[in-house]
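Subject: Structure for you to look at

Hello,

Here is the structure I said I would pass on. Please open it beside this message and follow along; what I found comes after it.

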Amino acid sequence: MTESEDVMELEEQVMGIIINAGQSRSLCYEALQCAKEGDFARADEMMQQAQHFAREAHLVQTQLIEADEGEGKTKMTLVMVHAQDHLMTSILAKELVTELIDIYRTRH
């Protein structure tokens, strides 16, 4: 594989993290809105969907980590850092929204 092909593949993987993490985070906030409205079945469904997208993003991250082998083989770019930010933000959103939904659930 040429260096150009490697860069394009890496960009596709990084975009996979951004897209899946963003979808996960969006679904979490949609689930929170459902919980606010008392629709806990829909909130739970949205959180399950969010978990699916979170797993997809995490899978890509794991593949990148494994390919790097802790040796700095993977070129670090600003877009990759941005993707990591998206992933971590979506993980935090999922954790916080899960707690908030539980609070709403106990008050209904």
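**Salt bridges**

The count of salt bridges comes to two. Please keep in mind that this is a predicted model.

One of the bridges joins Glu45 to Arg42, and their closest N and O atoms are 2.7 Å apart. Both residues belong to helix H2 (residues 40-68), where they sit three residues apart, so about one helical turn separates them. In an α-helix there are 3.6 residues a turn, so residues three or four places apart point the same way. Glu45 is partly exposed, at 37% relative accessibility. Arg42 is partly exposed too, at 32%.

In the other bridge, Asp44 pairs with Arg105, with 2.7 Å between the closest N and O atoms. This pair links distant parts of the chain: Asp44 is in helix H2 and Arg105 is in helix H3, 61 residues apart. Asp44 has a relative accessibility of 31% and counts as partly exposed. Arg105 is also partly exposed, with a relative accessible area of 33%.

**Helix H3**

Helix H3 covers residues 78-107, which is 30 residues. From its first C-alpha to its last it reaches 43 Å, close to the 44 Å expected at 1.5 Å a residue. Which residues of H3 are buried? They are Met80, Ala83, His86, Leu87, Ser90, Ala93, Val97 and Ile101.

Asn20 is found in helix H1 (residues 3-36). Is Asn20 buried or exposed? Its relative accessible area is 15%, and since buried means under 20%, Asn20 counts as buried. Apart from neighbours within four places in sequence, Asn20 is in contact with Phe53, Glu56 and Ala57.

Leu64 is in helix H2. With 10% relative accessibility, Leu64 is buried. Again leaving aside neighbours within four places in sequence, Leu64 is in contact with Leu10, Gln13, Ile17 and Thr74.

**A nonpolar patch**

On the surface, Met15, Ile19 and Val79 form a nonpolar patch. Together these residues have about 270 Å² of accessible area. Met15 lies in helix H1, and at 39% relative accessibility Met15 is partly exposed.

**Cysteines**

How many disulfides does the structure hold? The number is zero. Cys28 is in no disulfide, and the nearest cysteine sulfur, that of Cys34, is 12 Å away. For a disulfide, the two sulfur atoms have to be within 2.5 Å. As for accessibility, Cys28 is buried at 0%, and Cys34 is buried with a relative accessible area of 11%.

Regards

Technical notes: Residues are numbered from 1 along each chain as its sequence is written. This is a predicted model: local features need pLDDT of at least 70, side-chain atom pairs count only at pLDDT 80 or more; totals for chains, interfaces and linings use all residues. Side-chain values use heavy atoms; hydrogens and water are left out. Helices (H or I, at least four residues) and strands (E, at least two) are DSSP runs, numbered from the N terminus. The expected span of a helix is 1.5 Å times one less than its number of residues. Buried means under 20% relative accessible area, exposed over 50%, partly exposed in between (1.4 Å probe, protein chains only). Contact means heavy atoms within 4.5 Å. A salt bridge is a side-chain nitrogen of Lys or Arg within 4 Å of a carboxyl oxygen of Asp or Glu. Patches are made of residues with over 30% relative accessible area and no salt bridge: like charges are joined within 9 Å, nonpolar side chains (Val, Leu, Ile, Met, Phe, Trp, Tyr) within 5 Å. Accessible areas come from the Shrake-Rupley method with a 1.4 Å probe; for residues, only the protein chains shown count as cover.
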